[in-house]
Amino acid sequence: MSKIKNKPITIDNEKVNINRSAIEHRATWMGLMMDEAKKAGIDFEPVARKAVARCGCFHGLTIYKKNMKKPEDLLSFAEVFSSDVTLKSFDMETIKRTEDEFILHFHYCPLVAAWQKQGFSDEDIDRYCDIAMDGDRNIAKSFKSFDFRLGSTIAKGDDYCEVCFLKKKNK
C-alpha cells in the first residue's frame with residue numbers, strides 16, 4: 001500500500017484544474033519516458049536530470065528574472081513565483097516571505113498525482129520527484145544570489161513538500 005498522501009484541497013477552480021491537468025500531462029510524459037527507458041535497460045536518470053536542470057535555468061532566466069521588478073531580490077522573485085493560480089494548483093502555503101527566506105509548503109502535487117495514476121511505485125515516484133525538483137534547484141541557480149533547499153516531500157510520504165529559496169549569505 002502506498003504511503004503517499006496527496007489529496008487536493010482546492011477542487012472547484014476552473015483555472016486551477018486546467019493548470020493541474022497541464023502539469024499532470026507533462027508529468028505523465030516524463031514518467032512514461034523514464035519507465036520505457038528503464039524497460040529498455042537505459043540509465044535515464046543522468047540525462048533526465050540534465051534536461052530538467054536546463055529547463056529550470058531557462059525558466060529562471062526567461063520567466064522569473066525577466067518578470068521581476070528587482071533582479072536578484074528574493075521578495076521580487078517570491079511575487080512572480082507565487083501567482084494565485086500557481087499557489088492554488090499546488091495548494092501552497094507561504095510559511096515565510098522575507099528578504100532572506102521564501103519558504104513554501106506544497107500540500108498537493110499534480111506531478112505525483114499523475115505518477116500515481118500511472119501506477120508507479122512509491123520508490124519510482126520519489127525518484128521522479130527528486131529529478132523534477134532539479135528544475136526548482138536550477139531556477140535558484142539561475143540567480144547569483146539565491147540558494148535552494150528541499151525539505152520534506154509528498155513523494156516520501158510527508159504531509160507536504162517544503163520548498164525553500166534562500167538569499168545567499170556573503171562569505
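Rings of Phe, Tyr and Trp (its six-membered ring) count as a pair if their centres lie within 6.5 Å, and the pair is called stacked when the planes are under 30 degrees apart, edge-to-face when they are over 60, and tilted otherwise. By this rule, ring pairs join Tyr-64, Phe-77, Phe-81, Phe-102, Phe-143, Phe-146, Phe-148 and Phe-165 into a cluster. The model is a predicted one, in which local features need pLDDT of at least 70 and side-chain atom pairs count only at pLDDT 80 or more, whereas totals for chains, interfaces and linings use all residues. Residues are numbered from 1 along each chain as its sequence is written, and side-chain values use heavy atoms, with hydrogens and water left out.

The structure holds 16 aromatic pairs. In one of them, the ring centres of Phe-77 and Phe-146 are 5.4 Å apart and the planes stand at 65 degrees, so this pair is edge-to-face. It links distant parts of the chain, since Phe-77 belongs to helix 3 and Phe-146 to strand 3 (residues 146–150), 69 residues apart; helices (H or I, at least four residues) and strands (E, at least two) are DSSP runs numbered from the N terminus. Both Phe-77 and Phe-146 are buried, a word that stands for under 20% relative accessible area, with exposed meaning over 50% and partly exposed in between (1.4 Å probe, protein chains only).

Phe-120 and Tyr-128 form another edge-to-face aromatic pair, 5.3 Å centre to centre with 80 degrees between the planes. Phe-120 is buried, at a relative accessible area of 11%, and Tyr-128 counts as buried at 1%.
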